[in-house]
Amino acid sequence: MGYIKSAALEETGYVVLDRYNQELDPKEWLDIEYVDWKSSGDTRFAPLASRDGDVECAGFWTGTNPRTDKDGVWIDSQTEKAPNLTRRAQEPGANVGRCRVIELQPNTYGECLYNLHQDDNNRLNPDGTGWVVRGFFNLSDDAESFFVLRENRTDPSGETRIALPAGAQLIIDTQRLWHAATHVGDDPRYCLITSWTSGPELDAYIEKHNGVNKIESVEVPQDVLEAGYAEQARKDAARAAYYAAKGQAEVQAMSEA
């Protein structure tokens with residue numbers, strides 16, 4: 001049967017919506033509670049909706065009521081402090097799973113490439129239902145920062161780099177695309193991330209906000225790109241060596257037991 005997916009995301013795996021006038025809203029992301037939760041880079045998260053309505057970030061497929069990333073429970077203590085962020089997450093009318101604000105510390109392009117990852121959005125998602133994708137609404141004004149998208153983690157050909165000023169709005173199939181952010185600056189970057197279920201509601205929202213699925217990538221000097229590729233390769237090799245050595249040590253320990 002297959003999943004219900006948005007045609008707008010079919011070709012490239014992402015859409016960029018009209019920019020939101022972030023200056024009209026208060027900085028609610030500074031008032032909510034954060035928990036230490038590591039993703040791609042040095043991060044913390046402030047959940048607005050979670051698996052059980054607690055201020056935590058566990059995957060919905062864990063715990064006593066395992067399910068896919070749908071039917072998130074809104075956290076009153078958080079949404080009361082962030083009504084505008086909550087409104088924006090609910091605006092499409094699509095089912096919401098996880099909803100949270102990420103706080104990302106500054107990093108380099110090379111660190112971003114090393115941290116490229118795909119999300120596990122659709123574990124336990126029944127066939128024939130809506131495919132879960134994610135919205136990314138940039139809150140802080142990070143004019144020199146950019147989101148990196150790749151079909152293949154280690155292949156820079158076709159890489160898309162999307163600028164992240166305040167109010168930038170993206171919807172991405174993050175289970176398909178490898179993604180992470182390069183954050184240039186001195187202060188943390190803040191972004192509202194919402195898991196939405198694909199379907200007619202999300203399609204209408206994309207159309208309403210003039211979603212486009214191809215943009216010109218942010219220009220980055222060639223020497224920065226080359227240094228980033230080298231850093232990713234170096235860190236990947238170091239990680240592989242670490243796990244290889246760890247595996248050998250475990251085999252040795254078992255043989256001596």
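Here is a short tour of some salt bridges, starting with the overall count.

Keep in mind that this is a predicted model. Searching the whole structure turns up 14 salt bridges. We'll stop at a few of them.

Start with D69 and R98, whose side chains meet in a salt bridge with 3.0 Å from N to O. D69 sits in the loop between strand 3 (43-50) and strand 4 (73-74), while R98 belongs to strand 5 (residues 96-104), so this pair ties together parts that are 29 residues apart in sequence.

Next, go to helix 5 (residues 222-256), where K235 and E231 are four residues apart, which means about one helical turn separates them. Their side chains meet in a salt bridge too, at 3.3 Å from N to O. Are these two partners buried or exposed? K235 has 26% relative accessibility, so it counts as partly exposed. E231, on the other hand, has a relative accessible area of 16% and is therefore buried.

Now find D120, which forms a salt bridge with R123; their closest N and O atoms are 2.6 Å apart. D120 counts as partly exposed because its relative accessibility is 29%. R123 is partly exposed as well, with a relative accessible area of 40%.

Last stop: salt bridges can also join up. R150, E159 and R161 are linked in a network of them.

Technical notes: Residues numbered from 1 in each chain as written. Predicted model: local features only at pLDDT ≥ 70, side-chain atom pairs only at ≥ 80, totals over all residues. Heavy atoms only, no water. Salt bridge = Lys/Arg side-chain N within 4 Å of Asp/Glu carboxyl O. Helix = DSSP H or I, 4+ residues; strand = E, 2+ residues; numbered from the N terminus. Buried < 20%, exposed > 50% of the residue type's maximum accessible area, 1.4 Å probe, protein only.
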